[in-house]
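Please look over the structure below before reading on. The briefing takes the strands and then the helices.

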Amino acid sequence: MSSILAVEDLVVSRGRRFSLAPLTIRFDDPDIVGLFGHNGAGKTTLLKALAGLLPVQSGSIRGAADPVLLPDSPFLYSFLKVGSVPDVLADYFDDFDPERGRSIIDELPLDTSKKVGDLSKGMEEQLNLGMALARRSSVYLFDEPLAAVDPVTRDRMLGLIEQHKPDDALVIISTHLIAGLESLFDECVVLHDGRVLLRLRVSDMPEGRGLEERIKEAMLHA
């Protein structure tokens, strides 16, 4: 069976330090995967390498031809009107579906007459995530999309992912949050020093054993 995404013996260095050295992992199913680890564990490095934004020293990445990366920093021009964002992104990305983008904006809902820079932090994060989901891909890479939002906004963003994720697509979400996300993830991966420390399917967790407890335990004893 072919994998949606396969990484083999991947080595990526940033300066003199190896951020991934070496890392092997494959994803065969269209799951939603939580990517966890301490700061500096290699989460952002892995996502950027998968997206082709970092040079790879050795190893291979197969299956992720045109992944969508949602970075952990703003990527939309602040002067853009919200209503014009779908048309602008359609000019930048061949895989962007402007009709889907406009539909997501209507769902949130967002004031289309406002400039991106005038949105609250939470609304801007929702817009960023929604526009990433309006692109057509088999692999979506989200770097800390939930880090700076309140619980209500977080739930709305989780709903966006669950509703608009293509059925045949893999979604990898880097996050420090665990509590309240157990129902979102099919699988969890914990990185430590650029290697896979723990990988587990949420459905295989023993009854009465919390996901947060298991991940914290692995990170504590790494």
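A residue is called buried when its relative accessible area is under 20%, exposed when it is over 50%, and partly exposed in between, using a 1.4 Å probe and protein chains only. This is a predicted model, in which local features need pLDDT of at least 70 and side-chain atom pairs count only at pLDDT 80 or more, while totals for chains, interfaces and linings use all residues. Residues are numbered from 1 along each chain as its sequence is written, and side-chain values use heavy atoms, with hydrogens and water left out. Helices (H or I, at least four residues) and strands (E, at least two) are DSSP runs, numbered from the N terminus.

**The sheet as a whole**

- Strands of a sheet pair through backbone hydrogen bonds, either parallel or antiparallel. Here two strands pair if DSSP finds at least two bridges between them.
- Six strands form an open sheet in the order β5-β6-β7-β3-β8-β9, and the pairing is mixed.
- The edge strands are β5 (68–70) and β9, each of which pairs on one side only.
- From one strand to the next, the twist averages 15 degrees. Angles run from 0 to 180 degrees between N-to-C directions, and axes are lines fitted to C-alpha atoms, for helices over the stretch in contact.

**Strand β8 and its neighbours**

- Strand β8 covers residues 187–192, and five of its six residues are buried.
- Strand β3 (residues 32–36) runs parallel to β8, and four bridges join the two. Gly34 stands opposite Cys188 in β8.
- Strand β9 (residues 195–201) pairs with β8 in the antiparallel sense over six bridges.
- Leu191 has Val196 in β9 as its bridge partner, and Glu187 has Arg201 in β9.
- β8 and β9 form a hairpin with two residues between them. Asp193, in the turn, has a positive phi of about 50 degrees.

- β5 and β6 run parallel and are joined by three bridges. Val68 stands opposite Tyr140 in β6.
- β6 and β7 also run parallel, with five bridges between them. The bridge partner of Phe142 in β7 is Ile173.

**Helices against the sheet**

- Contact means heavy atoms within 4.5 Å.
- Helix α1 (residues 43–50) lies across β3, β5, β6 (139–143), β7 (170–174) and β8, and runs at about 145 degrees to β6.
- Six of the eight residues of α1 are buried, so this helix is largely enclosed by the rest of the structure. The buried residues are Lys43, Thr45, Leu46, Leu47, Ala49 and Leu50.
- Gly52 follows α1 and has a positive phi, near 80 degrees.
- Helix α4 lies across β5 and β6, at about 165 degrees to β6.

**Helices against each other**

- Helix α3 (residues 98–107) packs with helix α4 (residues 121–133) at an angle of about 150 degrees, and their axes are 9 Å apart.
- α3 and α4 are therefore roughly antiparallel to each other. The cut-offs are under 35 degrees for roughly parallel, over 145 for roughly antiparallel and 65 to 115 for roughly perpendicular, with the rest oblique.
- The crossing of α3 and α4 is right-handed. A crossing is right-handed if the near helix is turned clockwise from the far one by less than a right angle, and left-handed if anticlockwise.
- In this contact, Arg100, Gly101, Ile104 and Ile105 of α3 meet Leu127, Gly130, Met131 and Leu133 of α4.
- The residues of the contact of α3 with α4 comprise five nonpolar, two polar and one charged. Ala, Val, Leu, Ile, Met, Phe, Trp, Tyr, Cys and Pro count as nonpolar, Asp, Glu, Lys and Arg as charged, and the others, Gly among them, as polar.
- The axes of α3 and helix α5 (residues 151–164) come within 12 Å and cross at roughly 145 degrees. This crossing of α3 and α5 is right-handed.
- Arg100, Ile104 and Glu107 of α3 make the contact with Leu160, Gln163 and His164 of α5. By class, the contact of α3 with α5 has two nonpolar, two polar and two charged residues.
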